[in-house]
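Subject: Structure handover

Hi,

Here is the structure for you to look at. My notes follow below it.

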Amino acid sequence: MSGTTLPGEPSVRTEVVHVVRGEVDQAPPVGHGRGDSAFTTPALDLDRLVWPRTEPGPAFDVPSGEIVDLLVETGEALKADREGLLAEALDRMVRVSPLPAEVLERAYAVLWRSFQRINLHAQIDHELGGADVLDGWREVRLPEGRIAATRAFPPRLVHIIAGNAPGVAAMSVVRGALTKGVNLLKLPSNDLFTATAILRTMASVAPGHPVVRSFSAVYWRGGDETVESVLFRPQFFDKLVAWGGESTIRGALKYVGPGFELVSFDPKTSISVVGREAFASEDTLRQAVEAAASDATFFNQQACVASRFQFVEGSEQDADRYAALLCERLGVAREFSSADGPRVAGELREEIDVLRSLAPEYRVWGAYDGRGLVIRSPEPVDFHPDGKIVNVVPVAALTDAVAHAGVATQTVGVYPDTRKAELRDALACAGVQRVVSLGRAGGMPPGLSHDGFYPLQRLMRWVNDE
Amino acid sequence: MASAREQIRSLVRSGDPFDQPAEDMAELQLEAAREAFASHRERIPLLRTRAEETGVREITGLDDLVPLLFSHTSYKSYPVSLITAGRWDRLLRWYSTVSVVEPDEVDVDGVRDIDEWTERITAAGHRPYITSGTSGKVSFLNCDGTDLRFLHDILENLTCWPDPLPPDPVRRGYLLAPASGPMRSIDGFRWHADVFALPGETRLLTEDPMRVSELMSSALLRRRMAEGVATPQEISSFESASGSREEELGAAMARIVDDIAAHRDEPLLIAGMNNQQFTLIQALRARGIPEGGLHPDTLVLSGGGNKGRALPDDYQQQFAAFYQGVRRVRSYGMTELQGSCLACEKGNYHVPPWVIPLVLDEAGEKLLNPEQGVVEGRFAFLDVSLEGRWGGLISGDRVYVDFSPCDCGRSGPAVLPDIQRYGDLGGDDKITCAATLDSYVRGMIHG
């Protein structure tokens, strides 16, 4: 065999920082990944990734008011980014994330919003019924008149976070901090930087603070048994908080057992339903399309809330008018999307090319350049529209669209608002978790349920004194 | 003067098609690629669209071929609803966009199911070979009469290359397969039996034909589950039907094992996909048949990717150990390719002259073919021999291809033995919360 020509190794491997118990880890680097996506991380010291059960976690007894203050200060620091930690993370993210730089930039610029006082209080108040149960024992009167007490006790959590939107890291840090528990975050390969940038920012605000010491964020290859079989044990953690990805959830299930619970933010998809009111005038059509385009392009359609299938109440001709206009509006930059998205992948391109040849049952607007593409079809397409592709399906009545919602459907955007009430029970029955006004799919408001449950409530360990 | 494509096809009878002077070959291949592109562009709308979209008007070099390659999904890009709703004319229209079949060549009047639809196309002089993936949706890969004759030529001339087997019908045949069905491997096994096995002495796993609708049943059920209309009883029946089918096949396999054990001192023909072969070997071992315990004139055919890692990682080594001393066809190939890349004495898989190997980057966009030496990348190719469909395709395989002469003395190129699917290599573990409904139903019905 003669000399091997391999695609060149990247000259600079991206360095990934680990935070262990609130401090930047200084362990010697090890390599991960292949080709262009190769990176290094500090070698893992498994012993340092657990907090011994023989002692309470560092923040177990910190009053929630103090935690809220710390988070608010962290939010301010994120906004100012005086130490350039977010800028550094952003610079590295651009190299590994499938999202374009401008979208990442805008997402980073608003990370602080998750740390606003009003939002933190909304979570504590709506999900737990107030801070009293977090800071101490809440008295409850039993049916027979006896008085008991209950407390939302700090948990030991290991989080497998998703990397398709930077806000997931922020949300996980906020929830973890509010629980007062100990939190090990596993970084995903599509976001190796946001969580650590946030944690380092928090450490710069309050070095050595018990909440800071309650967090670690490290990378290991998802599913790596040498790490997961050791850490995913009730001796070390109470709950595995796993974000979507079918293989993640199925992989996690192996370890779930008595004393080690799964809190799963399941993989989800979202749709829109557009009533015939949209066709009342040019204005209403434009309004509906604008809202639908915004929902469809959230994080360039990488997010679970991003609408991929849109059911339009009307004739084929109505649907075509809607589709043509929608296609135009997909290629517009918004807060969380760029005008240009990723080019449509080869395999999808072929499926769509074939549908083009099946006209007039199928019709396609737009090109494969990532600026948006719309397919109108008599029923939903078999493949998964991805990267600013929307499938528009005409229906005779909005209630017919309910048949296409299921347990995997997270968010349903409805136009106009007045039609939500007529549909929400049927959608909920089909398995849907959020019914929103069209255009409101992105940015889940804090304090409401997420994937059908109240996260903060699920994360706590509820202990009674009877 | 014969066309370049005919000249290349005729090399199959040349004695050693794998050892051709590199420069002459490159020129002939390029000319054949031009011919194939010119004729297929006229007849295959998907190729025409692709050419227009990418602006490729003619083939001046291998780079021009890259944007014209299809992915394997193009051959299953039909909406499943066409099958569930029995829209056979529409399905035919779909087929005519990815093959040279013309809608008015085929009569789909009165077709009742996907098997009849497939038979009607066969009756019109084409063979829609199917391949099944883990999703349950099958691909339809069209071959015409020329392609089938060429496949037959390959097996008559190249079986057991580099030491071709004389076409003598002297073996007891065992085909670990159904009696018939539109799968290239089944046709291949049967043709091998015709050429190399004793007439009337061939045993089958089952006399039933393989039915496309049965292969697709999991995809169809999955669709009903996704629609929320499948009932628990329906799912249960599906599961138990597959269970009893497995039992029947198990019993048939046991009979074959007995027969092989009783006749292992005679020359045999044993043909089967890798997973059936693996089951067979386990059973023969359990019967006390030692490694190398079969007659040396025995011919063993195997194949099929290790989809979903159903076999242990070392299954190839286990095959080699058990079948030592017998004649084996060792090759790297896929249904999408006419005739496989066959292993030389050094164990490297030589690419036949009618296949232009195109090693691409992982994304499948950039051509990496060097003049000389080994290159790592995604295996793609243009099979210029194909008449029934466009032969340009991108595979899911990570390969190393050596473009220098092989240690066996023949000129290249050759695919080196370390072949893996990119899907199995992992590479990243990106986690996103966006998913398809598939996540919720997959795994509930057989993977």
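Arg200(A) and Glu88(A) form a salt bridge, with 3.4 Å between the closest N and O atoms. A salt bridge here is a side-chain nitrogen of Lys or Arg within 4 Å of a carboxyl oxygen of Asp or Glu. Arg200(A) sits in helix α7 (residues 194–205) of chain A and Glu88(A) in helix α2 (residues 85–96) of chain A, so the pair ties together parts 112 residues apart in sequence. Helices (H or I, at least four residues) and strands (E, at least two) are DSSP runs, numbered from the N terminus. Glu88(A) is partly exposed, at 29% relative accessible area. The cut-offs: buried is under 20% relative accessible area, exposed is over 50%, partly exposed is in between (1.4 Å probe, protein chains only).

Before the rest, the ground rules. This is a predicted model: local features need pLDDT of at least 70, side-chain atom pairs count only at pLDDT 80 or more, and totals for chains, interfaces and linings use all residues. Residues are numbered from 1 along each chain as its sequence is written, chains are lettered from A and ligands numbered from 1 in the order in which they are written, and side-chain values use heavy atoms, with hydrogens and water left out.

The whole structure holds 53 salt bridges over all chains. One of them pairs Glu277(A) with Arg419(A) at 3.0 Å, N to O. Glu277(A) is in the loop between β14 (269–274) and α11 (282–296) of chain A, and Arg419(A) in the loop between β19 (409–415) and α15 (420–430) of chain A, so this pair ties together parts 142 residues apart in sequence. Glu277(A) is partly exposed at 31%. Arg419(A) is buried at 10%. Shared partners join Glu277(A), Glu313(A), Arg419(A) and Glu422(A) into one salt-bridge network.

Another salt bridge joins Glu261(A) and Lys239(A), with closest N and O atoms 3.3 Å apart. Glu261(A) is in strand β13 (residues 261–265) of chain A, and Lys239(A) is in strand β12 (residues 239–243) of chain A, 22 residues apart. Glu261(A) is partly exposed at 33% relative accessibility, whereas Lys239(A) is buried at 7%.

The interface

How much area do chain A and chain B bury between them? About 4400 Å², 48% of it on carbon and sulfur atoms. Buried area is the accessible area (1.4 Å probe) that two parts lose on being put together, summed over both. Chain A gives 58 residues to the contact and chain B gives 52; contact means heavy atoms within 4.5 Å. Four salt bridges cross the interface of chain A and chain B. Among them is Glu361(A) with Arg87(B), at 3.7 Å, N to O. On the side of chain A that touches chain B, the elements giving two or more residues are β1 (4–5), α10 (246–253) and α13 (346–356) of chain A. The largest share, seven residues, comes from α13(A).

Inside chain B

His40(B) is in helix α2 (residues 22–43) of chain B. His40(B) is buried, at 2% relative accessibility. Leaving out residues up to four places away in sequence, its contacts include Arg5(B), Val100(B) and Trp390(B).

Asn274(B), in helix α12 (residues 274–286) of chain B, is buried too, at 4% relative accessible area. Helix α5 (residues 88–98) of chain B is mostly covered, with nine of its eleven residues buried. Trp88(B), Trp94(B) and Tyr95(B) are among them.

Best wishes
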